Amino acid sequence: MNAAVRAVTRMGIYVGAQVYLIYEGYQGLVDGGDNIKVANWQSVSNIIQLGGTVIGSARCKAFTTREGRLAAAFNLVKKGITNLCVCGGDGSLTGANIFRNEWNGLLEELVSKGKQHSHLNIVGLVGSIDNDFCGTDMTIGADSALHRIMEIVDSIMTTAQSHQRAFVLELMGRHCGYLALVSALASGADWLFIPEAPPLEGWEDRMCARLSSVRLTEQRLNQLNIIIMAEGAIDRNGDPISSTYVKDLVSKRLGYDTRVTVLGHVQRGGTPSAFDRILSSKLGVEAVVALMEASPDTPACVIGLSGNHAVRLPLMECVEMTKLVQTAMNEKRFDEAIKLRGGIQSKTNTKKHTSTFPQSNFSLAILNVGAPAAGMNAAVRSAVRRAIGHGHKVYGVHDGFQGLANGEVFEMEWHRVAGWTGQGGSLLGTKRTLPSNNMEKIVETITKFNISALLVIGGFEGYTGVLQLFEARSQYDELCIPMCVIPATISNNVPGTDFTMGADTAVNSAMAGCDKIKQSASGTKRRVFVVETMGGYCGYLATSTGIATGADAAYIFEDPFNIHDLKTNVEHLSEKMKKDIQRGLVLRNEKCHENYTTDFIHRLYSAEGKGIFDCRVNVLGHLQQGGTPSPFDRNFGTKMGMRAIEWITTKLTENDRQGRVFANGPDTACVLGLKRKVISFTPVAELKAVTDFEHRMPKVQWWANLRPMLKMLAKYQTSFCDYVPGEMEHVTRRSISIDSGF
């Protein structure tokens, strides 16, 4: 929420508005006085990394009455406030809409006090860890809550493994199972309870059989069980299922040492994740633009996220659709409730598919290519288990294409990938070697092991390698097999997808490093840090980290700069240091400029800022590649692994020629990507035309639209024409059923 407060405040000032901060929510609006204060640029300095909300939040009974809303209207009119941005859940936003609808009537009552009659524009931002608001892909706070949950789940899994225990984890979610569902996917939990999908009658027997089979199937590798449940878990009759009941059931029937952990309000706390900071900044900026463009006839809207882009949604359409979910659950129409939840339906299917065992007869090889990236192991685990579920023989390949050429191939079994979801790096091993120099050896290995499909999980080298294999099909019939690339690299530079696995974890790692660097300056006045990030020529990592940390500048290859720009940045920071904000952060992508190196920029800032500020340099390096995968990367990897196997299975069936697979069409060698809200398979042959091979990235980058926002929130004079405003989208049953991919 603080990132949203910062973005709304600074964007409001940027467009020339006078901005007020209302403390303690609607209670402050009703009470008025010192609860409504004028904000300046420094008011929201250094809050982007803080949890909670610095302006406070409170439930207000008075605002539910007309008398309370009359007092609120009086306080707004007294300050001349005509635009209101409300950040909260569906209750807060519904109250805001009632307030706006009553506005004219409230003002008529105030006419006797001599107050001017004017209209009120309202825009909402959805702040809710439950991600339970229909119309937006994600709500502010949900991703941070998942980070807190996964930190705790990872810790619990180590003690559960050591003591061979079963754990029942109760998460928040009285009416929505999003947190529980995504946490179950991201942790590889054995059983899940969510209110939208109650278990069928006899679930006790099936759950106990499942928990027992996990320990038998996965042998000594996984002598633990994890059960995750939302606090609002119910059975088909609508009766609550408590964590204590589940714990007692497992203890009595299976004899396992079982413990209950209720996570509670720890899920609401802690520092916000990179995703939430960027999301809040994006939505906050768009909220101000929407308010500036609004007229008296413009209906109240909510700013939501639709496939990486901020969009405007009619407030009451969202509220009504959200209420329909609860109505469906109350009437025990649970299938309808899942459909109305939209994206969680496909996640439920993913969870089910990782445990089913139909049969067929093909073999496939899985390999990691390029630099390690978080989420690779989650994708391998999901792919292996889904492929085994289809009856395929699955081979793992050590060390990428080099290992494939050297015959470092081994059969993978179900239990072999137990516990892989939460591990960073690449457990299969990975190298950057491309297949072009070892083509004949690769063909020999494919023939020797009768490999009928390839799943490549990797970065730009993985995409380039599959492209080389595809182009070599004219020489080798053995390469006429389905090939799929799951993009995985911290650089987010693979064409055919908006996001690659590992990028989210890398941004969070870089952000955490920058937060600590900024904190170190809190006791040292007037200091600027120049921080170098990875990413090759692609500036996604530097730009995203810059937005998430509130950086003053982020130099990247895609946004050319010269010595005059550097001079302007130094002058900007010098002016900043003369006021209350006496620290600065400048990010530089490692290959943003051939001559303006990190050392050069450090020396330039040091020389030009002499007497005003001093300068320090930090190179984050490979810490951006390591660490535990973020919830997004675990979930993304799990989903992409399953989708890839479904696609490969379809292609194998379509191209089966009496026991021999022959697939030579362009659509049989694809990159599996997430574009806006849709997961798609794009032929590598098509992507060749949109790829900048010299600089190893797509020719057009969707995230370039974030650059103006970064500059505006850092108080640089930049053209507002470069900002791309959000579009109005209506919320219907069809629109919310489109798979969001997350």
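N308 lies in the loop between strand 9 (301-306) and strand 10 (309-314), where helices (H or I, at least four residues) and strands (E, at least two) are DSSP runs numbered from the N terminus. The model is predicted, so local features need pLDDT of at least 70 and side-chain atom pairs count only at pLDDT 80 or more, while totals for chains, interfaces and linings use all residues. Residues are numbered from 1 along each chain as its sequence is written, and side-chain values use heavy atoms, with hydrogens and water left out.

**Positive phi angles**

- N308 is not a glycine, yet its phi is positive, at about 80°.
- With 10% relative accessibility, N308 counts as buried (buried means under 20% relative accessible area, exposed over 50%, partly exposed in between, with a 1.4 Å probe and protein chains only).
- N46, also a residue other than glycine, has a positive phi near 60°.
- The loop between strand 2 (36-38) and helix 3 (66-79) holds N46, which is partly exposed at a relative accessible area of 33%.
- G188 follows helix 6 and has a positive phi near 70°.

**Helix 6 and its neighbours**

- Helix 6 is mostly covered, with 10 of its 10 residues buried; among them are Y178, L181, A184 and S187.
- The axes of helix 5 (residues 142-163) and helix 6 (residues 178-187) come within 10 Å and cross at roughly 45°; axes are lines fitted to C-alpha atoms, for helices over the stretch in contact, and angles run from 0 to 180 degrees between N-to-C directions.
- Helix 5 and helix 6 are therefore oblique to each other (angles under 35 degrees count as roughly parallel, over 145 as roughly antiparallel, 65 to 115 as roughly perpendicular and the rest as oblique).
- The crossing of helix 5 and helix 6 is right-handed; a crossing is left-handed if the near helix is turned anticlockwise from the far one by less than a right angle, and right-handed if clockwise.
- Helix 5 contributes A142, A145, L146, I149, M150, V153 and M157 to this contact, and helix 6 contributes Y178, L179, V182, S183, A186 and S187 (contact means heavy atoms within 4.5 Å).
- The residues of the contact of helix 5 with helix 6 comprise 11 nonpolar, two polar and no charged; Ala, Val, Leu, Ile, Met, Phe, Trp, Tyr, Cys and Pro count as nonpolar, Asp, Glu, Lys and Arg as charged, and the others, Gly among them, as polar.
- Helix 6 and helix 21 (residues 631-654) have axes that come within 8 Å and cross at roughly 75°, and the two helices are therefore roughly perpendicular to each other.
- In that contact, V182, L185 and A186 of helix 6 meet P631, R634, N635 and T638 of helix 21.
- The contact of helix 6 with helix 21 has four nonpolar, two polar and one charged residues.

**Helix 4 and helix 10**

- The axes of helix 4 (residues 90-110) and helix 10 (residues 315-330) come within 10 Å and cross at roughly 135°; the pair is therefore oblique.
- Helix 4 passes helix 10 in a left-handed crossing.
- D90, L93, T94 and N97 of helix 4 make the contact with L315, M316, V319 and T322 of helix 10.
- By class, the contact of helix 4 with helix 10 has four nonpolar, three polar and one charged residues.

**Nonpolar cores**

- The largest nonpolar core has 123 residues, of which I303, I366, V380, M412, L455 and I457 touch the most other members; a nonpolar core is a set of buried Ala, Val, Leu, Ile, Met, Phe, Trp, Tyr and Cys residues joined through side-chain atoms within 4.5 Å.
- Helix 9 (residues 274-293) gives the most to this core, with 11 residues.
- Beyond its neighbours within four places in sequence, I366 is in contact with residues including V380, V394, L428, L455 and I457.

- P487 is found in strand 16 (residues 483-487) and is buried, with a relative accessible area of 2%.
- P487 and I457 are 30 residues apart along the chain, and their C-alpha atoms are separated by 6.1 Å.
- Not counting residues up to four places away in sequence, P487 touches G458, V494, T497, T500, M501, V671 and L672.
- A510, in helix 17 (residues 503-520), counts as buried at 0% relative accessibility.
- Leaving aside neighbours within four places in sequence, A510 is in contact with T545, L620 and Q624.
- A510 and G546 are 36 residues apart in sequence and 9.5 Å apart in space, C-alpha to C-alpha.
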